[in-house]
Amino acid sequence: MRAIRRFTVRPVLPDALAALGTLANNLRWSWHPPTQDVFAAVDAELWESCAYDPVRLLGAVPKTRFAELAEDGAFLERLGAAEADLTAYLSEDRWYQKKVADGPRAIGYFSPEFGITEVLPQYSGGLGILAGDHLKAASDLGVPIVGVGLLYRHGYFKQSLSREGWQQETYPVLDPDGLPISLLRGPDGERATISIDLPDGPPLIARIWVASVGRVPLLMLDTDVEGNPEHYVDVTDRLYGGNSEHRLRQELLLGVGGVRALRVFSELTGHPAPEVFHTNEGHAGFLGLERIRELTVAEDGPQVDFDTALEMGRASTVFTTHTPVPAGIDRFPRTLVEQYFGTGGATPGVPLDRILALGSEDYTGGDPSVFNMAVMGFRLAQRANGVSQLHGEVSRGMFNGLWPAFDEAEVPIGSITNGVHAPTWVAREMFDLAVGQGADTRSDEADAFWDAVDKVPGGEVWAVKRRLRERLVLDARKRLRKSWQDRGAATAELKWIDSALSPDVLTIGFARRAASYKRLTLMMRDPERLKSLLLHPERPVQLVIAGKAHPADDGGKKLIQDIVRLSDDPEVRHRIVFLPNYDIAMAKPLYPGTDVWLNNPLRPYEACGTSGMKAALNGGLNLSVLDGWWDEWYDGDNGWAIPTADGVDDIDKRDDLEAAALYDLIENDVAPRFYDHDHEGVPTRWLEMVRHTLKSLGPKVLATRMVRDYVRALYAPAAGNARLLNSDYTGAAELAAWKKRVRAAWGSVRVEHVESSGVGDAAEVGAVLSVRAFVCLGDLAPDDVHVQVLYGRIDGNDELAEPSISDLGLTESYDGGRHRFDGDVTLDTSGPFGYTVRVIPRNDLLTSTAELGVVALAPA
Ligand SMILES: *Cc1c(COP(=O)(O)O)cnc(C)c1O
């Protein structure tokens, strides 16, 4: 008999064991092994059979066992210590309290997905895992972030395979009562809600769940509430499912609803209101419109005008773009946005034409019929970044159209390279190696950890790596058996799985979404060559592969099927396996168990990539195309760079060339080094690279480094600007008025005439060039502008490739808005040299030269 409704009854713990509930309901347990040990001590078998889920465990433990534990002095002592440790972790001063003066009191971090632990499956891949790591690192550092996301009833899909190797999707229902989250409630115990007006229907209502990620609260909105019609309940049904309208509703809820949820949260808990809002990818961008509504029309707001509110919002908003793949940019039909933000829409009182203008692709090559969330993201945030240096550069090129008067280098998009949360991703055994050498893993500063790397004897490192490889092999066999059973195989057919993969063979891992640019199947470009590597008599290689294709992406599913078919071949199936359902639970033993992490995207489409960082922290070596983070931190000795055929337009040809280079590297460099053992069976040369990887990459790839960078480069300066504008909004009103005045007057700004002296025909290095620029500023004052000389080496077309820039000073003013600006330039390099002069707007509250998009250049 099948139940028609299910819910989870939470256990009532004896008073003596109340701390177990406290530990289970703060997700810090997920990156804190000593807390996990406490759960294991409750009942080791149940802990395993409940898939290491504390809430499930506590629901499954029999009352008699609780009674026993309540009398068990040793257990109670341990439990008390774990609780005390958590209390200290939640309350003590950490990096942010000690090192950051005048940082924002709170930061709202908005993301459509959060990958924190396998027991809260609210992520699909890299973006979500990154958001999870961001929150955890913020918690460790004491950075006062509040996360804002959605709670999806099905999360993302679970992947399995058909007999033919075709991806199958299932969407198990998650019961919120069985998740480590709790409802936000008012003082009367009533659940707190927010609502959003939708066209053609009643308002959309959502309740607010709170997950505790260490010190960081994560608010998750959920429309599965009584009072919502069925099609509203489905707004939070699943991650990245449905059509544009469904996605728009989700993003409306995340952005507009998210800001409202933050307000309710502050009201009910006294938590400080965010001074900075971080939009993690375009999907959350509507938050900026709700903030404009709060400032312009809300009854309890200051009721400033739109442009003033825009300046307020921009100063306090950070936008991070995450993809250089044009198809990955979030765009809606403009008509849909008209419908949802027009009369009766989500942000009443905010003019629709201004909203449409924010997302409009009104630049060369843009499509007038779409509303572009990334474009709106840039316009609503004064600070924007990509997620690796290379991605920053690619983004500046990609979005140059928004600042057409400026060269790519001055497009105001910076970069902060992603990082990963070590306590989540580093195998405990690896941590213990360092702890054995006296490293303090509790410290905010991880340096001691990396100093320990050289002290651990090679034999010990190697023994640990073998153990981790073996753990992966055992986990992979279990998954393989389950997968074959799902595919309809009989147990008798599966004997071979007992010896699939080996704990002593060079193990290459490859797991990522099956998006086409990631080239899941590049390694099988030449199947015979691949086979010879797998089956090499002395230096075999084994491959562990995983990845999900988007449910609507048949191309991706075909790639998976190709891999699965190859791995079904009895000749090689013990050396190449595809494991269905790549998720955090699979990833945790996967990264530490691999010797080499393979990544072969089509450069430069991998914005950053983080899986290779997780492998590196576990002593894995990267074998990767120079894309994303690897382009930045590969140093020649910490792994291998797969050469790319960047200029080759013929994709087939390019794949052939890059696959051949990959095979060569494995055959000639990777495998020989791995199997080159000394008389004690230790691959000394391999371990040299492992140590170098840990020391060179370890400190850089950490999420704590990333979050510190965000605080210093973006959050704190944004809060500073916002405070300057915010005291009584006059700063913002002045800035808005100034921008309006500058834009209106810009038409008459020109460089009329430039003179120089001091350098004759035979200029030498060290000579000083004096520049005099005569400019017309029309109605603008000299203080409103910078007059700059740009100078340096020029190319064959007289283009200044990377000019130096220096400001000229006002020396004289004449009638009719005319002025003279002077300055000197020292010629410090030999070769072809050139210079030019330009005028740009000047205001201390601007963060980049290109912010207004206007410039006046000296005539050629
Ligand atoms: C780290 C991780 C990702 C993202 O890896 P990329 O290298 O950025 O593709 C995706 N899924 C899981 C489960 C992960 O742990």
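D234 counts as partly exposed because its relative accessibility is 28%; buried means under 20% relative accessible area, exposed over 50%, and partly exposed in between (1.4 Å probe, protein chains only). The model is predicted, so local features need pLDDT of at least 70 and side-chain atom pairs pLDDT 80 or more, while totals for chains, interfaces and linings use all residues. Residues are numbered from 1 along each chain as its sequence is written, and side-chain values use heavy atoms, without hydrogens and water.

The side chain of D234 forms a salt bridge with that of R153 (3.3 Å, N to O). A salt bridge is a side-chain nitrogen of Lys or Arg within 4 Å of a carboxyl oxygen of Asp or Glu. By this rule there are 58 salt bridges. Another joins D569 to K531 (3.2 Å, N to O). D569 is partly exposed at 21%, whereas K531 is buried at 14%. K739 and E851 also pair, at 3.1 Å, N to O. K739 and E851 are both buried.

Six strands form an open sheet with parallel pairing, in the order 19-18-17-20-21-22. Strands (E, at least two residues) and helices (H or I, at least four) are DSSP runs, numbered from the N terminus. Two strands pair if DSSP finds at least two bridges between them. The edge strands are strand 19 (576-578) and strand 22 (639-642). Two bridges join strand 17 (residues 506-511) to strand 20 (residues 596-599). I508 has V596 as its bridge partner in strand 20.
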